[in-house]
Amino acid sequence: MAEQWVTMKVAAQRLGLSPSKVSRWSNKGLIQVKPNPFDRRSRLVDLIELQEKLAELSAIQDMGDGDVDDTE
């Protein structure tokens with residue numbers, strides 16, 4: 001699997017999410033993060049992994065499962 005590590009802010013912008021949502025998902029352990037070697041104040045996320053998680057959530061919601069509420 002290819003990896004594309006970007007800052008949480010960049011990932012949020014590219015995928016149309018709020019940066020706080022990406023941060024919450026990382027805090028919950030739903031996505032991997034690693035320290036940014038160039039800026040210790042920020043963390044990096046794998047954009048490909050995040051896209052896959054969004055696709056999974058979308059598929060679940062499309063099946064009519066109203067209990068999944070992680071997209072807000």
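## Terms and basis of the model

A residue is called buried when its relative accessible area is under 20%, exposed when that area is over 50%, and partly exposed in between (1.4 Å probe, protein chains only). The structure is a predicted model, in which local features need pLDDT of at least 70 and side-chain atom pairs count only at pLDDT 80 or more, while totals for chains, interfaces and linings use all residues. Residues are numbered from 1 along each chain as its sequence is written, and side-chain values use heavy atoms, with hydrogens and water left out.

## Overall architecture

The chain contains 3 helices and 3 strands; these are DSSP runs numbered from the N terminus, with helices (H or I) of at least four residues and strands (E) of at least two. Along the sequence their order is β-α-α-β-β-α.

Of the 72 residues in the chain, 26% count as buried. A contact is defined by heavy atoms within 4.5 Å. Among contacts in the chain with a separation of 6 or more, 53% come from residues 24 or more positions apart.

## The nonpolar core

A nonpolar core is a set of buried Ala, Val, Leu, Ile, Met, Phe, Trp, Tyr and Cys residues joined through side-chain atoms within 4.5 Å. The largest such core has 12 residues, namely V6, M8, A11, A12, L17, V22, W25, I31, V45, L47, L50 and L57. Two or more of these residues come from each of α1 (8-15), α2 (19-27) and α3 (47-62).

M8 is one of the members of this core. With neighbours within four places in sequence set aside, M8 is in contact with V22, S23, S26, V33, R43 and V45.

## Helix α1

In α1, the buried residues are M8, A11 and A12. They cover an arc of only 100° around the axis, which puts them on the same side of α1; the arc is taken from the directions from the helix axis to the C-beta atoms. An α-helix has 3.6 residues a turn, so residues three or four places apart point the same way.

On the other side of α1, K9, Q13 and R14 are exposed. The cover over the buried residues of α1 includes β1 (5-7), α2, β2, β3 and α3. Just after this helix, G16 adopts a positive phi of about 70°.

## Helix α2

The buried residues of α2 are K21, V22, W25 and S26. Viewed down the axis of α2, these residues fall within an arc of 135°, so they line one face of the helix.

The buried residues of α2 pack against α1, β2, β3 and α3. Just after α2, G29 has a positive phi of about 80°.

## The loop between β2 and β3

S42 is found in the loop between β2 (33-35) and β3 (43-46). Its side chain makes a polar contact with the side chain of N36 at 3.0 Å. A polar contact is a pair of N or O atoms within 3.5 Å; within protein, one must be able to donate a hydrogen and the other to accept it, and residues adjacent in sequence count only if both atoms are side-chain atoms. Not counting residues up to four places away in sequence, S42 touches T7, P35 and N36.

D39 also has its place in the loop between β2 and β3. The C-alpha atoms of D39 and T7 are separated by 9.9 Å, although these residues are 32 residues apart along the chain.

## Charged side chains

The structure holds 1 salt bridge, a term for a side-chain nitrogen of Lys or Arg within 4 Å of a carboxyl oxygen of Asp or Glu. This salt bridge joins the side chains of D39 and R41 (3.0 Å, N to O). D39 is partly exposed, with a relative accessible area of 24%, whereas R41 is exposed at 77%.

E49 lies in helix α3. At 13% relative accessibility, E49 counts as buried. E49 has no salt bridge, and K53, the nearest side chain of opposite charge, is 5.1 Å away. For charge, Lys and Arg count as positive and Asp and Glu as negative, while His and the chain ends are not counted.

Leaving out residues up to four places away in sequence, E49 touches L30, I31 and Q32. The C-alpha atoms of E49 and I31, 18 residues apart along the chain, are separated by 7.1 Å.
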